[in-house]
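Subject: Handing over a structure

Dear colleague,

I am passing on the structure below, together with notes on what was found in it. Please look through the sequence and the model before reading on.

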Amino acid sequence: MLDKSEAFSSFSVNDIQKAREFYGRTLELDLSNGPEGTLVVPLSGDTKVLMYPKPNHQPATFTVLNFPVDSVEKAVDELS
């Protein structure tokens, strides 16, 4: 089921504009605007990472992998 999903990684930042300046200007990555005030960071191949603003941001101590699905409830039922 999830092998057909276009999985992506994501992480939060406390200031999306500062993140845009660092990742775009300093690291010279070709950023694009994502949905609802997010940024999309392209990596090699078709790999992309989503950055999203979070007011109470704390650096993550874990890795995040997202699996978009049509219905969360259905996916949970099938995985259970």
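A residue is called buried when its relative accessible area is under 20%, exposed when that area is over 50%, and partly exposed in between. Glutamate 36, with a relative accessibility of 79%, therefore counts as exposed. Please keep in mind throughout that this is a predicted model.

I will begin with the chain as a whole. The protein chain holds 2 helices and 5 strands, and when these are read along the sequence they follow the pattern β-α-β-β-β-β-α. The C-alpha trace spans about 45 × 30 × 25 Å along its principal axes, while the accessible surface comes to about 6300 Å², with 51% of it belonging to carbon and sulfur atoms. Of the 80 residues in the chain, 18% are buried.

Next comes the interior. In soluble globular proteins, nonpolar side chains tend to be buried together. The largest nonpolar core in this model has 7 residues, namely Val13, Ala19, Leu31, Leu39, Val41, Val49 and Met51, and the elements that give two or more residues to this core are strand 3 and strand 4, the latter covering residues 48-53. Valine 49, which belongs to this core, is in contact with Ser9, Ser10, Phe11, Leu39, Val40, Val41 and Leu43, once its neighbours within four places in sequence are left aside.

Threonine 38 deserves a separate look, since with a relative accessible area of 9% this residue is buried. Threonine 38 lies in the loop between strand 2, residues 32-33, and strand 3, residues 39-42. Leaving aside neighbours within four places in sequence, the contacts of threonine 38 are Ser32, Asn33, Leu50, Met51, Tyr52 and Pro53, and of these Met51 is also listed in the largest nonpolar core.

The aromatic residues make up another part of the picture. A pair of aromatic rings is described by the distance of the centres and the angle of the planes. The structure holds 2 aromatic pairs. In one of them, the rings of phenylalanine 11 and tyrosine 23 have centres 6.0 Å apart and planes at 50°, so this pair is tilted. The pair links distant parts of the chain, with phenylalanine 11 in strand 1 (residues 8-13) and tyrosine 23 in helix 1 (residues 16-26), 12 residues apart. Phenylalanine 22 and tyrosine 23 form an edge-to-face pair, with 5.0 Å from centre to centre and 85° between the planes. Phe11, Phe22 and Tyr23 together form one aromatic cluster. Each of these residues is partly exposed, since the relative accessible area is 27% for phenylalanine 11, 39% for phenylalanine 22 and 21% for tyrosine 23.

What is the backbone angle phi at glutamate 28? Glutamate 28 has a positive phi of about 60°, although this residue is not a glycine, and glutamate 36 likewise has a positive phi, of about 55°, without being a glycine. Glutamate 28 sits in the loop between helix 1 and strand 2 and, at 66% relative accessibility, counts as exposed. Glutamate 36 is found in the loop between strand 2 and strand 3.

Phenylalanine 62, in the loop between strand 4 and strand 5 (65-66), is exposed at 57% relative accessibility. Phenylalanine 62 and phenylalanine 11 are 51 residues apart in sequence, and their C-alpha atoms are 9.8 Å apart in space. Leucine 2, in the segment before strand 1, is partly exposed, with a relative accessible area of 24%. The C-alpha atoms of leucine 2 and proline 68 are separated by 8.5 Å, although the two residues are 66 apart along the chain. Not counting residues up to four places away in sequence, leucine 2 touches Phe67, Val69 and Leu79.

With best regards

Terms used. Residues numbered from 1 in each chain as written. Predicted model: local features only at pLDDT ≥ 70, side-chain atom pairs only at ≥ 80, totals over all residues. Heavy atoms only, no water. Helix = DSSP H or I, 4+ residues; strand = E, 2+ residues; numbered from the N terminus. Buried < 20%, exposed > 50% of the residue type's maximum accessible area, 1.4 Å probe, protein only. Contact = heavy atoms within 4.5 Å. Areas by Shrake-Rupley, 256 points an atom, 1.4 Å probe, with all protein chains shown as cover. Phe/Tyr/Trp six-rings, centres within 6.5 Å; stacked < 30°, edge-to-face > 60°. Core = buried A, V, L, I, M, F, W, Y, C linked by side-chain atoms within 4.5 Å.
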